[in-house]
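Please keep the sequence and the model in view while reading.

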Amino acid sequence: MKSSYDLLKAAAERYPSSAIVFPDEGKSYSYAEFLKEVDACARALSAYGVGIGDRVAVYGQNSSYWMKCFFAVLKTGAVAVPVNCKAVEDDIMYMVKTAGVKLLFHLSDAPLSGKLAHNVPAVVTADGFDSFVKTGSGLHDAESVCGDLQLIMFTSGTSANPKGVMLGPEGLMNSIVDYKDTLGLSSDDVMLLNLPLSYCYGCVLICCSFCLAGANLVVSRSFAAGKTLRLIEKYHCTVLNMVPTMYQLIFSSGLMPRYDHSSVRAAVVGGSYTSLELVERMRAAFGRNSVLCGYGMTECSSWALSQRFDDPVELRGASAGWPVGNMEARIVPGYGEAENGMMQGELCLRGKAMMTGYLDAAVTAEAYDSEGWFHTGDVVKRDSQGRYWIVDRCKDMIIKGPRLVSLAIPPEKG
């Protein structure tokens, strides 16, 4: 089985003119140039003794350093552990200890705390990155190794500690291929990445799919409405991937008329409830056929339901769409009845893009039923055409007699 590093290596040979751009750093690499940087980092990891099955955490904002470390870790056969770039010290400590991290790349602007420095076996900071890479300069390039486990990603913990999700190469590859095929990505595309690389949406779907298609990638360190519009105009971005709040902030900024965004052919939205009003605003801004809604979560390698560009626009609405090629979905009743003959209940998933499990085997067992269906905790409704619509979270809803009461805060409109 191939790792995401192998995708990058193959792409460097097949698409020599495609580029990865980091505007915040003033850097631009061809695929081949970036691969050389990744290989140099991988040699340093090998010199330190990182190999198959070792866990290496990557913490910090989006950057060329982050992506180099990520692909280098995968080349060695080690397991990458992306850590939320906004995580506080105690959460970082919990993640690195739970995952059994051997080395931490601390690539944040924030100073390294003494607690982390004394409790993690080894730490490489942004300031020390170049020196670290030089430690492997005397080694020859080794062949890439693909282990049974590629990523450990921690889900956000609100009422409990984050859960470590284990993702293997087969599940990741299936999700990446489904995503590429759904969007029809090609080497003519310019993808904008302004979601955090520490999230599955950014780390898997975008950071791994771009090279599979040979697309150009523009990596923004962070999100801001004006900055996003400037990047779209400057680099003629064709594919956007953002959560609803990000699109809402762009529209509310009043800045759209100042910038040319006519290059956009696909505006993908997912990650939380998407209103029809927002979808209509997106269609007006980017083109009636350009908007694509989807649904995913870390446990399914971030891609489970999606609309399709070959679906008539009038059939899409603001639904999350249909199960993608490698996934199945069903509804378990118990959370109210939708109107107009729709089914409503908890969304359950099964398929080839699913995680290998949580780090805690007991938590894994609780999440699956006897037929192998993963219970997502999301309430959905399904119409007669098989489209799924996100409604709420199970934990935010209670059943009282025949009535359904929602405890969730209504989402913003527009």
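## Aromatic pairs

The structure holds 14 aromatic pairs. Rings of Phe, Tyr and Trp (its six-membered ring) are paired if their centres lie within 6.5 Å; planes under 30 degrees apart count as stacked, over 60 as edge-to-face and the rest as tilted. One of the pairs joins Phe 105 and Phe 129, whose ring centres are 6.2 Å apart and whose planes form an angle of 55°, a tilted arrangement. Phe 105 belongs to strand S5 (residues 101-106) and Phe 129 to helix H6 (residues 129-134), so the pair ties together parts that are 24 residues apart in sequence. Helices (H or I, at least four residues) and strands (E, at least two) are DSSP runs, numbered from the N terminus.

Phe 105 and Phe 129 are both buried, a term for under 20% relative accessible area, with exposed meaning over 50% and partly exposed the range in between (1.4 Å probe, protein chains only). Together with Tyr 65 and Phe 132, these two residues form one aromatic cluster.

## Basis of the model

The model is predicted: local features need pLDDT of at least 70, side-chain atom pairs count only at pLDDT 80 or more, and totals for chains, interfaces and linings use all residues. Residues are numbered from 1 along each chain as its sequence is written, and side-chain values use heavy atoms, with hydrogens and water left out.

## Charges over rings

Lys 68 lies over the face of Tyr 65, at 5.4 Å from the ring centre. Such a placement requires NZ of Lys or CZ of Arg to be within 6 Å of the ring centre and within 35 degrees of the ring normal. Elsewhere, the charged end of Arg 308 is placed over the ring of Trp 322, 4.7 Å from its centre.

## Buried residues and their contacts

Cys 69 lies in helix H3 (residues 64-75) and is buried, with a relative accessible area of 0%. Which residues does Cys 69 contact, leaving aside its neighbours within four places in sequence? They are Cys 41, Val 58, Phe 105, Leu 107 and Phe 129, where contact means heavy atoms within 4.5 Å.

His 106 is located in strand S5 and is buried, at 4% relative accessible area. Apart from neighbours within four places in sequence, its contacts include Tyr 59, Pro 111, Leu 112 and Val 123. Val 96, in helix H4 (residues 89-99), has a relative accessible area of 5% and is also buried. With residues up to four places away in sequence not counted, Val 96 touches Ala 57, Val 101 and Val 120.

## Helix H1 against helix H8

The axes of helix H1 (residues 4-14) and helix H8 (residues 200-213) come within 8 Å and cross at roughly 35°. Axes are lines fitted to C-alpha atoms, for helices over the stretch in contact, and angles run from 0 to 180 degrees between N-to-C directions. Ser 4, Leu 7, Leu 8 and Ala 11 of H1 meet Cys 208, Cys 211 and Leu 212 of H8.

## Two serines with positive phi

Most residues other than glycine have a negative phi. Ser 301 has a positive phi near 60°, and Ser 302 a positive phi of about 80°. Ser 301 lies in the loop between strand S13 (291-295) and strand S14 (305-306), and Ser 302 is found in the loop between S13 and S14. Ser 301 counts as buried at 1% relative accessibility, and Ser 302 counts as buried at 8%.
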